[in-house]
Amino acid sequence: MLRLSSKIFQGVYEEVEGFYRFKTYVAGQWEGGREYIRVRSPIDDSVIAEVPKLSWEQADRALGLVYEKGRWQVRDTPGWRRLELLERLADLMERHREDLELSLVVNAGKTRAEARGEVDASIDRLRRADLDARRIFGEYVPGDWDPTTQETEALVRREPYGVVLAIAPFNYPLFDTVAKFTYSFVAGNAVVMKPPSADPVPIILLAKLLEEAGFPRESFAILTIPGSESDRMVADERISVVSFTGSSSTGKRVLSVGGIKQYIMELGGGDPALVLSDADVGAAIEAVARGIYSYAGQRCDAVRLVLVERPIYEEFKARLVERLSRVVVGDPRSPGTTMGPLISPSAVDEMLRAVEDAVERGGRVLYGGRRLGPTYVEPTLVEIMDKKALTESVMYREEVFAPAALITDFAGDEEALRLANGRRYGLDAAIFGQDIDRIRKLVRFLEFGAVYVNDMPRHGVGYYPYGGRKESGIGREGIAYSVEQVSAYKTIVFNFRGKGVWKYA
């Protein structure tokens, strides 16, 4: 089912029992393991690969090499050369995009268009590393603005922390790994990457391209360790920064075991969309629908709560149901498919339990709610008009990582803000309308990291910074923003008292 065509990858796997058994890159060499993790395709739950389940001895040795050698190899690589290496990696990804896209389709269940978009975004992110580099420059601070520092001056420089642990999620395994690697490496850090156990194949292919591009050999490693066994790595004192994307519950676990480190955490989301009575209904419906079903709703910036102002509620609801009914669910390899599978059967189970909970609280399924296979489900819209029941539902309180959304009406801005801000997440929100004064007021009081006006929330390549408030995270991802959190300030003060430096004569 997974058939890679490029010869460049042949050295990192062997074919056994009809699937690929991969090695992983351990700070300078490709290694197997005493045990292997079986990797299944969400398309049909078939085994497509095995990856090494690294022992702690292997991981410990890799961390030692990265810490003792790799981080200095990166520090000794000048900035222009680091940019050159990232550009070379982008060229290699372009050259081998067919296999990268295939790995995303087969291993992550993405449609061809979604896989192509993720590879494009990864390449674009690498090519924009020059914008990250501009934020690494330091400052000059004259001392003559305070009597206690007169006749001194300082340089404030930014330096790499050393080793960044990048933990990527299953929903964007390639892009999130590339993004975390890019801003960490351009700042001068070595990087240890922990791929998601559900779909590690794209990251292993990336490691081969990193090696081929000529990155310092001990400056990166791909540690294929299950998330449930990663505490020791997160807590390791050789790790200075943890960049994690995933659920809020796992993020809390990372914070509790990691200790005093730098953290970039993009956590749970599930965004509200506020549709005002003067909105362009057709455009809003298209954006909200795509926000619900894009990549089967397995996006932290997916639309999970649709709030529609009362005068247009019935029209909007009917037209949104009609739009969702045209979503074609099926094998993502088929050109006609617009929504593929969820990552696992258990993800469908979780979604259906949440929908059932909403119905038990008085909700009504307007569309969807049916399982179409072990990992396939219809996009689903559930109406709950009782606001107390809505706010007590699992779909409101939790992030159900699937193509399911709640819909209800609202009577005015205060009610809309109360419902939108009432969830424990604060990643993104969307507003659809024309009255700019009203929109600006809503933007002011929405407690979210980003607000999209007349568009669905989408982080894309990270040209605009994204990240959450409340339980949606710490810090920001994005071009020229994350680099500030993987580099440390260092102040160097020069004393010129009595040297005559500060007087002309």
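In this predicted model, strand S5 is joined to strand S6 (residues 47-53) by 6 bridges, and the two run antiparallel. One spot to look at is Arg38, which sits opposite Glu50 in S6. The pair belongs to an open sheet of 4 strands, ordered S1-S2-S6-S5, with mixed pairing. Strands S1 (13-16) and S5 (35-40) are the edge strands: each has a single partner, so one side of each goes without a neighbour in the sheet. On average, and ignoring direction, neighbouring strands here are turned by 25 degrees against each other.

The loop between S5 and S6 holds Asp45. Asp45 has a positive phi of about 65 degrees, even though it is not a glycine. Most residues other than glycine have a negative phi. With a relative accessible area of 33%, Asp45 is partly exposed. Ala27 is another non-glycine residue with a positive phi, in this case about 50 degrees, and it is found in the loop between strand S3 (24-25) and strand S4 (30-31). Is Ala27 buried or exposed? Its relative accessibility is 3%, and the cut-off for burial is under 20%, so Ala27 counts as buried.

Next comes a sheet of 6 strands, again open and mixed in its pairing, with the order S11-S10-S9-S12-S13-S23. The edges are taken by strand S11 (220-222) and strand S23 (473-474); each pairs with a single strand, so one side of each lacks a neighbour in the sheet. Strand S10 (residues 190-194) pairs with S11 in the parallel sense, over 3 bridges. Val192 has Ala221 in S11 as its bridge partner. Helix H7 (residues 201-213) packs on this sheet and touches both S10 and S11, with its direction at about 155 degrees to that of S11.

H7 also packs against helix H2. The axes of H2 and H7 come within 9 Å and cross at roughly 125 degrees. The crossing of the two is right-handed. On the H2 side, Leu85, Arg88, Leu89, Leu92 and Met93 take part, and they meet Leu206, Leu209, Leu210, Glu212 and Ala213 of H7. Sorted by class, the residues of this H2 and H7 contact come out as 8 nonpolar, no polar and 2 charged.

H2 (residues 79-95) has a further helix contact, with H6 (residues 173-186): their axes come within 10 Å and cross at roughly 160 degrees. Since angles over 145 count as roughly antiparallel, H2 and H6 are therefore described that way. This crossing is right-handed. The H2 residues involved are Arg82, Leu83, Leu85, Leu86 and Met93, which meet Leu174, Val178, Phe181, Thr182, Phe185 and Val186 in H6. The class breakdown for the contact of H2 with H6 is 9 nonpolar, 1 polar and 1 charged. Leu85 and Met93 of H2 turn up in the contact with H6 and also in the one with H7.

H10 contributes Val281, Gly282, Ala284, Ile285, Glu286, Val288, Ala289, Arg290 and Tyr293 to the contact, while H11 brings in Glu315, Phe316, Arg319, Leu320, Arg323 and Leu324. The residues of this contact include 9 nonpolar, 1 polar and 5 charged.

Finally, there is strand S20 (residues 428-432). How many of its residues are buried? The count is 5 of 5, so the strand is mostly covered under the 20% cut-off. Both faces take part: Asp428, Ala430 and Phe432 are buried on one side, and Ala429 and Ile431 on the other. S20 pairs with strand S14 (residues 271-275) in the parallel sense over 3 bridges, with Phe432 in S20 as the bridge partner of Val275. S20 is also joined to strand S21 (residues 450-453) by 4 bridges, again running parallel. Here Ala430 has Tyr452 in S21 as its bridge partner.

Terms used: Residues numbered from 1 in each chain as written. Predicted model: local features only at pLDDT ≥ 70, side-chain atom pairs only at ≥ 80, totals over all residues. Heavy atoms only, no water. Pairing = 2+ DSSP bridges. Axes fitted to C-alpha atoms, helices over the stretch in contact; angles between N-to-C directions. Parallel < 35°, antiparallel > 145°, perpendicular 65-115°, else oblique. Left-handed = near helix turned anticlockwise from the far one by under 90°. Contact = heavy atoms within 4.5 Å. Nonpolar A, V, L, I, M, F, W, Y, C, P; charged D, E, K, R; others polar. Buried < 20%, exposed > 50% of the residue type's maximum accessible area, 1.4 Å probe, protein only.
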